[in-house]
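Take a moment with the sequence and the model before reading on. The paragraphs below walk through a few places in turn.

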Amino acid sequence: MIPVMSSCSLLMMFYLFSSVSQLLTAFTAIASVSSLYFCFSPYIANVKSQFGLSDRFVSRCCSKSFTRIQALLLFLCISMVAAWLVSGHWILNNLLGISLCIAFVSHVRLPNIKVCAMLLVCLFVYDIFWVFYSEWFFGANVMVAVATQQASNPVHTVANSLSLPGLQLITKKLELPVKIVFPRNLLGGVLPGNTASDFMMLGLGDMAIPSMLLALVLCFDHRKDKEVGSPLDISPYKGHKYIWYAVTGYAVGLVTALAAGILTHSPQPALLYLVPSTLGPIVVISWTRKELNELWEGSTPNIMEKTHSTEV
């Protein structure tokens with residue numbers, strides 16, 4: 001259902017974007033605060049444990065207690081999103097996009113390569129259709145049209161209606177953090193009045209979907225590492241870890257997609273290159289190692305876990 005619902009969302013954004021852009025911006029801002037907090041919290045907790053910092057509870061909100069450091073972190077996240085709403089700077093946009101991607105991959109886990117392959121193949125077809133063939137049916141390249149649209153900034157709308165000072169400092173339009181953008185003249189700085197065509201962009205889905213495969217093989221590598229130290233293990237985990245093949249494949253696919261876009265002077269469906277370059281090496285290497293079935297069906301409890309469950 002993910003490709004089907006993604007297609008419906010794409011069409012809604014294509015036809016109704018101007019009507020719902022401010023609502024989308026507000027929703028994205030709330031989601032970005034939550035994602036930033038989720039991404040930074042483990043590092044803050046690690047710093048507290050490393051330095052033995054005391055952290056008193058200062059408030060309680062929605063049945064959740066906040067410590068002093070957590071409240072400061074929440075304030076920092078809100079400030080970063082507010083800075084993005086005011087300035088619309090591409091670096092802040094990318095930071096929010098990456099945090100949303102990390103939160104998505106952390107919460108949506110795939111159980112095995114079988115499900116992952118089905119999802120990747122479906123989205124492979126989805127990406128190709130909406131980039132290459134949507135113009136035949138809808139009179140325009142739907143994917144490109146949605147990706148290059150800018151949302152109305154509700155902060156600018158409110159400031160304008162209230163005639164607040166400093167209105168000229170607030171950007172009217174925002175690039176939503178559903179894509180990572182880089183100015184083409186990056187070394188020369190960002191020129192005022194840049195448009196969407198002045199940026200190279202990578203959709204968040206082109207990061208999040210292959211990352212689900214990377215997360216899956218990373219968990220598999222971690223489990224294999226633990227099995228090597230088990231006294232019941234008779235076949236130590238040999239060879240390079242799968243995560244390195246997947247990351248290398250992702251880099252190769254991304255460079256290939258970029259090169260294809262430059263050579264053809266046309267937008268390219270990144271998943272056309274990313275799916276074969278990440279899923280292919282994992283399937284081939286796991287088959288040669290006789291571990292494909294284990295990856296395909298997912299992990300099963302080992303003998304120690306079964307024994308422990310029986311005893312309990």
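Asn112 has a relative accessibility of 9%, so it counts as buried, the cut-off being under 20%. The model is predicted. Asn112 sits in a loop, with helix H3 (90-107) on one side and helix H4 (113-138) on the other. What does Asn112 touch, leaving out residues up to four places away in sequence? Its contacts are Leu216, Leu295, Trp296, Glu297 and Gly298. With Glu297 there is also a polar pairing: a polar atom of the Asn112 side chain lies 3.4 Å from the backbone oxygen of Glu297.

Leu110 belongs to the loop between H3 and H4 as well. Is Leu110 buried or exposed? Its relative accessibility is 16%, under the 20% limit, and therefore Leu110 counts as buried. Beyond four places in sequence, Leu110 touches Val115, Cys116, Leu119, Met212 and Leu216. Leu216 is also one of the residues that Asn112 touches. Leu110 and Ala215 are 105 residues apart along the chain. Their C-alpha atoms are separated by 8.6 Å.

Now step back to the whole chain. The protein chain has 11 helices and 6 strands. Of its 312 residues, 38% are buried. Among contacts with a separation of 6 or more, 69% join residues 24 or more positions apart. The chain exposes about 18400 Å².

An unreviewed UniProt entry places the feature "transmembrane region" at residues 20-45, 66-85, 91-108, 115-133, 199-221 and 242-264. Two of these stretches can be followed in the model. Residues 66-85 are 90% helix and 10% strand. The C-alpha atoms at the ends of that stretch are 26 Å apart. Residues 115-133 are 100% helix and 0% strand. Here too the end C-alpha atoms are 26 Å apart.

Next comes helix H6, which covers residues 154-161. Which residues of H6 are buried? They are Pro154, His156 and Ala159. Their cover includes helix H1 (2-51) and strand S3 (151-152). An α-helix has 3.6 residues a turn, so residues three or four places apart point the same way. The N-terminal end of H6 is capped by Asn153. A side-chain oxygen of Asn153 lies 3.0 Å from the backbone nitrogen of Val155. Just after H6, Ser163 takes a positive phi of about 55°.

Positive phi turns up in other loops too. His265 is not a glycine, yet its phi is positive, at about 55°. It lies in the loop between helix H8 (242-264) and helix H9 (271-288). Is His265 buried or exposed? With a relative accessible area of 73%, over the 50% cut-off, His265 is exposed.

Lys290 is not a glycine either, and its phi is positive, at about 60°. Its loop runs between H9 and helix H10 (292-297). Lys290 is exposed because its relative accessible area is 76%, over 50%.

Conventions
Residues numbered from 1 in each chain as written. Predicted model: local features only at pLDDT ≥ 70, side-chain atom pairs only at ≥ 80, totals over all residues. Heavy atoms only, no water. Helix = DSSP H or I, 4+ residues; strand = E, 2+ residues; numbered from the N terminus. Buried < 20%, exposed > 50% of the residue type's maximum accessible area, 1.4 Å probe, protein only. Polar contact = N/O pair within 3.5 Å; in protein donor to acceptor, adjacent residues only side chain to side chain. Contact = heavy atoms within 4.5 Å. Areas by Shrake-Rupley, 256 points an atom, 1.4 Å probe, with all protein chains shown as cover. UniProt positions renumbered as here; feature names shortened; annotations may be inferred.
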